[in-house]
Amino acid sequence: MTASPAEIAAMRRAIAISAAGFGGTSPNPPVGCVVVDSGGRVVGEGYHERKGEAHAEAQALAAAGPLAAGGTAVVTLEPCNHEGRTPACRQALIDAKVSRVVIAVIDPTSRGAGGAAALRAAGIDVEAGVLADEARVVLGPWLTAFSAGRPLVTWPYVISDQGITALPDHAEDAQVFRLNVDAVLRADGSVAEAVPGSHGAGILRLHHEPGGNPAEIASSLYGGGVRHLLLAGGLAVSAPFLAAGLIDRVHAYIPDGRPSRTPVALLPWPQVPPGFVITDAARVPGFVRIQAHRTVSA
Ligand SMILES: [Zn+2]
């Protein structure tokens, strides 16, 4: 049996609400869950907000209460199979007597047989791989960080006849970036939680040795729980990361208005660094914003 239209709709809702976990759940993934009853009606939904707090499935099952029995849990990532700070979600699903679980992405961190296998063993119908590509829009940074053993690194910058400089902190987009990442590395080498207190006290360990090389800094921050790092600075802070192939996404801000007569060929590269491809372009207040992704991981 493939996913029903109601389950597909529920999965898109689960993906959408899971993004509310950006900037809060690390080192856990941002996950969303929607429970629908046998008639296809939504009876509960939830998302993981931060480490140590209830997982998405537990939130959604609590909202659904007895209406979850006989229904379907639609979840963006395979339910966990191990007792940690919170009870295993596969057991919560079994206890709630759902008859079916629809999963987008199988958890690559599952130890041994994952939650999907345990649910099947308990007689629950499990469908995996539903809207997996769309779920990866939200889970992507966490998945990339896990496979690379370092945070996903995003670098916004302004490119003008002044050269390549930091996106000013007061720019509207700078605030948006901070909401969506765990930590910020500044031009002076300091690292801070992107939104103070967003991960709960003491969850992220941000210390790194001054003067460390970018790979060591990235790996040390990963060990401290950071899954998405923002570089807040111009070329000076980013050049070592670029050279080491450690920047995954760039956002270039080109001031709008009349084109400069200053030859931009003096810059080290045009608009986006070598090895990046443009994926989006938009006008934002004061700028044209070009987004680009690294095409191959280093
Ligand atoms: Zn869980």
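This is a predicted model: local features need pLDDT of at least 70, side-chain atom pairs count only at pLDDT 80 or more; totals for chains, interfaces and linings use all residues.
Residues are numbered from 1 along each chain as its sequence is written, and side-chain values use heavy atoms, with hydrogens and water left out.

**Sheet**
- Strands (E, at least two residues) and helices (H or I, at least four) are DSSP runs numbered from the N terminus, and two strands pair if DSSP finds at least two bridges between them.
- Four bridges join β1 (residues 32-36) to β3 in the antiparallel sense; Val-36 has Thr-72 of β3 as its bridge partner.

**Zinc site**
- His-55 (ND1), Cys-80 (SG) and Cys-89 (SG) coordinate the zinc ion at 2.0 to 2.2 Å; donors are N, O and S atoms within 2.8 Å of the metal (3.2 Å for Na, K and Ca), and sites may look incomplete because water is not among the atoms.
- The sequence spacing of these donor residues is H-x24-C-x8-C.
- His-55 is in the loop between β2 (42-47) and α2 (56-64), and Cys-80 is in the loop between β3 (72-77) and α3 (89-95), so the pair ties together parts 25 residues apart in sequence.
- Cys-80 is buried, at 12% relative accessible area (buried means under 20%, exposed over 50%, partly exposed in between; 1.4 Å probe, protein chains only).

**Helix packing**
- Helices α1 (residues 5-18) and α5 (residues 132-148) pack at about 10°, with their axes 9 Å apart; axes are lines fitted to C-alpha atoms, for helices over the stretch in contact, and angles run from 0 to 180 degrees between N-to-C directions.
- This makes α1 roughly parallel to α5 (an angle under 35 degrees).
- Arg-12, Ile-15 and Ser-18 of α1 meet Glu-134, Ala-135 and Val-138 of α5, where contact means heavy atoms within 4.5 Å.

**Pro-268**
- Pro-268 lies in the loop between β11 (249-255) and β12 (276-284) and counts as exposed at 51% relative accessibility.
- Beyond its neighbours within four places in sequence, Pro-268 is in contact with Ile-164 and Leu-235.

Terms used:
Angles under 35 degrees count as roughly parallel, over 145 as roughly antiparallel, 65 to 115 as roughly perpendicular and the rest as oblique.
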